[in-house]
Amino acid sequence: MNILFLLTPKEKVSHIFNDDTLRQVVEKMEFHGYSAIPLLDKEGKYIGTITEGDLLWYLKDHDIPITDIERKRDNNAVNIQVSMEELFEKATNQNFVPVVDDNNVFIGIITRKDIILYLANKENTNNAISN
């Protein structure tokens, strides 16, 4: 089979140019939901690929106070006394749920994976009991 059968033509591929600014690159990646994007020169020649990781490593070398960075969203914390139902609801929209004590002091997280494994184990236990 010829690889051109699988090709998405350049005209349909979002890309960036070597004279684009960091802001332009981030905006384009954000708009398209990309974590990586092809980098071309003005003649259309492929230079490489820019990834979110490349941008983060660049920022590492340009020390900026973390509180100067605007956050798009925060994972909402729950109190240690939260019901399982409310915890499950939070976890449907967050990869992890921060947990705080009664003084709002961070004490850890519960991951979505932890909840899925808990529910799977509970289901396996219930099936074993009913059999």
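## The largest pocket and its surroundings

The largest pocket of this predicted model has a volume of about 830 Å³, where a pocket is an open set of points on a 1 Å grid over the protein atoms alone, at which a 1.4 Å probe fits, with protein on both sides within 12 Å along at least five of seven lines. Of the 19 residues that line this pocket, the closest to its centre are Val26, Leu56, Leu59, Ile69 and Lys72; a lining residue has an atom within 4 Å of a point. Helix H1 gives the most to this lining, with six residues, and the lining divides into 10 nonpolar, one polar and eight charged residues.

A nonpolar patch also lies on the surface, and Leu56, which sits in helix H2, belongs to the patch together with Leu22, Val26, Tyr58, Leu59, Ile64, Ile66 and Ile69, with about 750 Å² of accessible area together. Patch residues have over 30% relative accessible area and no salt bridge, and nonpolar side chains are joined within 5 Å. H2 gives the most to the patch, with three residues.

The two helices are listed below (DSSP runs of H or I, at least four residues).

| H1 | 22–32 |
| H2 | 52–60 |

Residues are numbered from 1 along each chain as its sequence is written. In this predicted model, local features need pLDDT of at least 70 and side-chain atom pairs count only at pLDDT 80 or more, while totals for chains, interfaces and linings use all residues, and side-chain values use heavy atoms, leaving out hydrogens and water.

Conventions: Points joined across faces, edges and corners; volume = space filled by probe spheres on them. Nonpolar A, V, L, I, M, F, W, Y, C, P; charged D, E, K, R; others polar. Patch = residues over 30% accessible without salt bridge, like charges linked within 9 Å, V, L, I, M, F, W, Y side chains within 5 Å. Areas by Shrake-Rupley, 256 points an atom, 1.4 Å probe, with all protein chains shown as cover. Salt bridge = Lys/Arg side-chain N within 4 Å of Asp/Glu carboxyl O.
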